[in-house]
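I opened this notebook page to record what I looked up about the core and the packing of the helices.

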Amino acid sequence: MKAVFIAYNQAYGEEIVDLLDKLGQRGFTRWNDIAGRGGIDGEPHMGSHAWPVMNCAILTMVPDDKAPELLDALRATDQASPDLGLRTYVWNIEAAY
């Protein structure tokens, strides 16, 4: 099983959740209105007067064989609108109950 953490610009709205639905990924946890700044490039998303944009994040657990399909779909979403910002990180899950 893989843990997939997705941090994305709030401008995506429900697009990321719709993508999960399309791929049959039901379970997730979402955080809204998250401030942050990317480590490579892009503008800060701080919810301030100077940097008004905010981020959202989703954490979802997916079977090992479904992770590549999800990552490919997220990569395509990011490449379609690279200025918005979308980052995905994957961890192995050792145990769950």
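**Entry 1: nonpolar core**

I looked up the largest nonpolar core, which has 15 residues, and found that Ile6, Tyr8, Ile16, Ile58, Leu70, Leu74 and Leu86 touch the most other members. At least two core residues come from each of β1 (2-9), α1 (15-22), β3 (55-62) and α2 (67-80). The largest share, four residues, is supplied by α1. A nonpolar core is a set of buried Ala, Val, Leu, Ile, Met, Phe, Trp, Tyr and Cys residues joined through side-chain atoms within 4.5 Å; buried means under 20% relative accessible area with a 1.4 Å probe, protein chains only. Helices (H or I, at least four residues) and strands (E, at least two) are DSSP runs, numbered from the N terminus.

This is a predicted model, in which local features need pLDDT of at least 70 and side-chain atom pairs pLDDT 80 or more, while totals for chains, interfaces and linings use all residues. Residues are numbered from 1 along each chain, and side-chain values use heavy atoms, without hydrogens and water.

**Entry 2: two residues**

I listed the contacts (heavy atoms within 4.5 Å) of Ile6 beyond four places in sequence: Ile16, Cys56, Ala57, Ile58, Leu74, Leu86, Arg87 and Thr88.

I then turned to Asp78, which lies in α2. Asp78 counts as buried because its relative accessibility is 17%.

**Entry 3: helix contact**

I noted that Glu15, Ile16, Leu19 and Leu20 of α1 meet Leu70, Ala73, Leu74 and Thr77 of α2.

Terms used. Buried means under 20% relative accessible area, exposed over 50%, partly exposed in between (1.4 Å probe, protein chains only).
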